[in-house]
Amino acid sequence: MNHTDSNRWRTVDIVVASVIAVAFGVIFWAWGLVWSATDAAFAFFPPAQTLIYGVWLVPAVLGGLVIRKPGASLYCELLAAVVSALLGSQWGGIVIVQGLMQGVGAELAFAAFRYRAYRLPVALLAGALTGLTAAIFDFVYWNKAYDLVDYRLPYALLTIVSATVIAGAGAWFLTRALANTGALDRFPAGRDRALV
């Protein structure tokens, strides 16, 4: 099989990517409630709340690590955002645009390695770039009225840190855990579990 054929999506790829996305769409909706409930806990320094932001970025990295095809990161993050919007996200339909931006970040990381490298450093890069694209969106959309030095820059930097740790490392460890159960045996992620 040549590389072009290996980039074609199989039915199982679409099904598993959709399951990941829908599951995280529900998590996104619930995480919005957690986010609102923690406002007071971060009153001492509101940008620090972004330390829990990375949960919203996990499917972008997880989808790329599991499916290992062009578009998987974008598909998983975007569909998860659509599901959360349909469930009544407190931020409305704009979360779909956010999901698109966030998915592009992880997609760029996997594309940089031509969809051939899926080790922890690549997952961390995918998390960081997903955090970067999320931070850029928030910087110009949600946070434009806030002070640059006291709020917007720390918010952006902490979003990238959260995404690198939670979405990057978290998705990598979640992929390994799923592979060890045998749930990913029909995917390269499941077949290379012994190598990790």
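## Helix α5

At 1.5 Å a residue, the 19 residues of α5 should span 27 Å, and its end C-alpha atoms lie 28 Å apart, which agrees. The expected span is 1.5 Å times one less than the number of residues. This is a predicted model, where local features need pLDDT of at least 70, side-chain atom pairs count only at pLDDT 80 or more, and totals for chains, interfaces and linings use all residues. Residues are numbered from 1 along each chain as its sequence is written, and side-chain values use heavy atoms, leaving out hydrogens and water.

Which residues of α5 are buried? They are Val95, Gln98, Gly99, Gln102, Gly103, Gly105, Ala106, Glu107, Ala109 and Phe110. Here, buried means under 20% relative accessible area, exposed means over 50%, and partly exposed is in between (1.4 Å probe, protein chains only). The cover over these residues includes α3, α4 and α6. After α5 comes Arg114, with a positive phi near 55°.

## Helix α6

Now look at α6. Its 21 residues should span 30 Å at 1.5 Å a residue, and the end C-alpha atoms are 30 Å apart, in agreement. Buried residues of α6 include Val122, Ala126, Thr130 and Phe137, and α3, α5 and α7 are among the elements that cover the buried ones.

Thr133 is part of α6 and is buried, with a relative accessible area of 12%. Not counting residues up to four places away in sequence, Thr133 touches Met101, Gln102 and Gly105; contact means heavy atoms within 4.5 Å.

## The nonpolar core

A nonpolar core is a set of buried Ala, Val, Leu, Ile, Met, Phe, Trp, Tyr and Cys residues joined through side-chain atoms within 4.5 Å. The largest one here has 40 residues, and those with the most contacts inside it are Phe24, Tyr53, Val61, Leu62, Leu65, Val66 and Phe110. The elements that give two or more residues to this core are α2 (11-37), α3 (58-67), α4 (72-86), α5 (94-112), α6 (120-140) and α7 (148-181).

What does Val61 contact, leaving aside neighbours within four places in sequence? Its partners are Ala106, Phe110, Ala123, Ala126, Gly127, Thr130, Ala167, Gly168 and Ala171.

## A look at Leu78

Leu78 sits in helix α4 and is partly exposed, with a relative accessible area of 26%. Beyond residues up to four places away in sequence, Leu78 touches Ile96, Gly99 and Leu100. The C-alpha atoms of Leu78 and Ile166 are 18 Å apart, and these residues are separated by 88 residues along the chain.

## Salt bridges

Side chains of opposite charge can pair when their charged atoms come close. In a salt bridge, a side-chain nitrogen of Lys or Arg is within 4 Å of a carboxyl oxygen of Asp or Glu. How many turn up in a search of the whole structure? There are 2.

One joins Asp13 and Arg10 (2.8 Å, N to O). Arg10 is partly exposed, with a relative accessible area of 34%, whereas Asp13 is buried at 0%. The other links Lys69 to Asp13, with the closest N and O atoms 3.8 Å apart. Lys69 lies in the loop between α3 and α4 and Asp13 in helix α2, so this pair ties together parts that are 56 residues apart in sequence. Through shared partners, Arg10, Asp13 and Lys69 form one network.

Methods:
Helix = DSSP H or I, 4+ residues; strand = E, 2+ residues; numbered from the N terminus.
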